[in-house]
Amino acid sequence: MLEVKNIQKSFGKLEVLKGVDLQVGKGDVVAILGPSGSGKTTLLRCMNFLERADGGTLVFDGEHYDFPQISKKDVVRLRKKTAFVFQDYNLFRNKTALQNVTEGLIIGRKMPKAQAVETGERALEKVGLLDRRDAYPSQLSGGQQQRVAIARAIAVQPEIIYFDEPTSALDPELTGEVLAVMRTLADEGMTMLVVTHEMGFARHVSNKVVFMEHGEIVECGESHSFFDHPKQARTRAFLQTLSGELTHAG
Amino acid sequence: MERLWDLCVASFWQILIPGPTMTIPLTILSFAIAMVLAVAAALVQFARLPVLRQIARFYIWVIRGTPLLVQLFVVFFGLPHAGILINAFPAAVIVFSVNQGAYCAETVRAALESVPAGQLEAAECAGLTWGQSIRRIVLPQALRTAFPPLSNSLIGLVKDTSLASNITVVEMFLAAQRIAARTAEPLALYIEVGVIYLIFCTVLTKLQRVGEKRLRVYG
Ligand SMILES: Nc1ncnc2c1ncn2[C@@H]1O[C@H](COP(=O)(O)OP(=O)(O)OP(=O)(O)O)[C@@H](O)[C@H]1O
Ligand SMILES: [Mg+2]
């Protein structure tokens, strides 16, 4: 469904993505893991053109695009097929929960208002927040805001949703409600590309795992074999530090 | 003392009437045009549009760097020598709107930049174009931030319209000036006109409070 080839990105002298390849099939839930600064966010942002990549190609639904040369028109068109969930939610502060969800439908996709409200209410219901439809973001908890952000993402019926560490700005007791919503989406066959530090999610919800370091993919594969039989020494070391942290924390 | 009081009472309406007929229309018209100029000049900078952005910077530089009174004189007394004749009232509107526009442009630009980048990014990711994102998400938030300083500018403008007396616009100050000359009571009359400006500005301050309260709905 989606394929990225040899994507490259530098900030000044700093090479952040050194030619990354990635394939996502329909219904895949791909977890991207890796230490801080390895370029995970940058990869996601480049894929949705929030950053302009210096090189590489994108194949989306069989159509080919050159990252550095893509036109504004194609960017807007492709963005309508995708959705993005940010680490710090980025709900529109001047809109209610429902308006946050319907904005992309009414303005972006020219859907009639009544139909958009109905779609929006269904999306809010799915994340368990229909009763807060008229609340502004400032009146919602972090976990609730992120669930509205997920409702905003699913309402447009995207072909893929990008998640950038959707739970890492949340208190531990709030991550559960967000992860539960994401698990439901995965079960329903939504295609998702998820940057995460939640090993439970990567292991049990995603079907593919990509491990990145220093702007390169070190290892990728089926999530079971990735966790049970990591091939690369770097992957083993990374998983070990994580389990070490877990034992310390527990 | 009683004579002065009677004089003030007698002249009150004569000074006040140019308020609704001159000072207020001049203020409202100028400020409305100024807002259009300000938002345009702020947006071309925010969007980093190559040539337009330079033009906006130049406009702001020139207007903020020269006295308002000089600008009034250039347009009303100077331009006729270049064959461009503009009546006093339209000349005042042009100068006040262009002048306020430059100051307010900086206010609006700062407010646009204070909106977190994630708001624009989220709007674009939701499938809105850049223009739609600005109009529906970024600009409304920016204008809320800019509301108190813009109210400040509006209050400043009310008082600045008194400068239009210098180019023969019969607004409140010129009305007071004429009575002062006729009665030879400058102290009483200039204090009186000052009090009238104070009343106008007090009303605006109250309106600002109401406006701020209404804009606070989304916390
Ligand atoms: N706009 C930018 N300008 C300059 N450098 C940047 C910019 N964005 C990211 N970087 C740098 O690129 C590198 C990769 O950053 P990125 O945010 O993609 O990492 P990450 O894998 O998402 O890390 P984390 O797990 O901490 O979120 C970092 O060294 C970062 O400092
Ligand atoms: Mg990141």
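# Reading the helices and sheets of chains A and B

Reader: What is the handedness of the crossing of H2(B) and H7(B), right-handed or left-handed?

Author: It's a right-handed crossing. The word applies because the near helix is turned clockwise from the far one by less than a right angle. Keep in mind that this is a predicted model.

Reader: What does B:Phe46 touch?

Author: B:Phe46 sits in helix H2 of chain B. Leaving out residues up to four places away in sequence, B:Phe46 touches B:Leu112, B:Glu113, B:Trp130 and B:Ile134. As for B:Gln100, 54 residues along the chain from B:Phe46, the two C-alpha atoms are separated by 19 Å.

Reader: Over to chain A. Why is H5(A) called roughly parallel to H6(A)?

Author: Check the angle: the axes of helix H5 (142-155) and helix H6 (172-187) of chain A cross at roughly 15° and come within 8 Å. Anything under 35 degrees counts as roughly parallel, and therefore H5(A) and H6(A) get that label. The crossing of H5(A) and H6(A) is right-handed. Among the contact residues are A:Ile150 and A:Ile154 of H5(A), and A:Val178, A:Val181 and A:Leu185 of H6(A). The contact residues of H5(A) and H6(A) divide into seven nonpolar, four polar and two charged.

Reader: What makes S6 and S10 the edge strands of the six-stranded sheet in chain A?

Author: The order is S6-S7-S8-S3-S9-S10, in an open sheet with mixed pairing. Strand S6 (82-85) and strand S10 (216-222) of chain A each pair on one side only. The twist averages 15° from one strand to the next.

Reader: How do you know that S3(A) and S8(A) pair?

Author: Count the bridges: pairing needs at least two, and strand S3 (29-33) and strand S8 (192-195) of chain A, which run parallel, are joined by four. A:Ala31, for instance, stands opposite A:Val194 in S8(A). H5(A) packs on this sheet too, touching S6 and strand S7 (160-164) of chain A, with its direction at about 175° to that of S6(A).

Reader: What about the four-stranded sheet in chain A: in which order do the strands come?

Author: S2-S1-S4-S5, an open sheet with antiparallel pairing. Its edge strands are S2 (14-24) and S5 (63-66) of chain A. Neighbouring strands are turned by 20° against each other on average, direction ignored. S1 (2-11) and S4 (55-60) of chain A pair over five bridges, and A:Gln8 stands opposite A:Gly55 in S4(A). Helix H2 (72-79) of chain A packs on the sheet, touching S4 and S5 of chain A.

Reader: Which residue takes a positive phi in the hairpin of S1(A) and S2(A)?

Author: A:Gly12, near 60°, in a hairpin with two residues between the strands. S1(A) and S2(A) pair antiparallel over eight bridges, and the bridge partner of A:Phe11 is A:Leu14 in S2(A).

Reader: Last one: why do A:Glu63 and A:Arg77 count as a salt bridge?

Author: Their side chains meet at 3.3 Å, N to O. The cut-off is 4 Å between a Lys or Arg side-chain nitrogen and an Asp or Glu carboxyl oxygen, so the pair qualifies. A:Glu63 is in strand S5 and A:Arg77 in helix H2 of chain A, 14 residues apart, linking distant parts of the chain. Over all chains, the structure holds 19 salt bridges.

Definitions and conventions
Residues numbered from 1 in each chain as written. Chains lettered and ligands numbered in written order. Predicted model: local features only at pLDDT ≥ 70, side-chain atom pairs only at ≥ 80, totals over all residues. Heavy atoms only, no water. Axes fitted to C-alpha atoms, helices over the stretch in contact; angles between N-to-C directions. Contact = heavy atoms within 4.5 Å. Parallel < 35°, antiparallel > 145°, perpendicular 65-115°, else oblique. Nonpolar A, V, L, I, M, F, W, Y, C, P; charged D, E, K, R; others polar.
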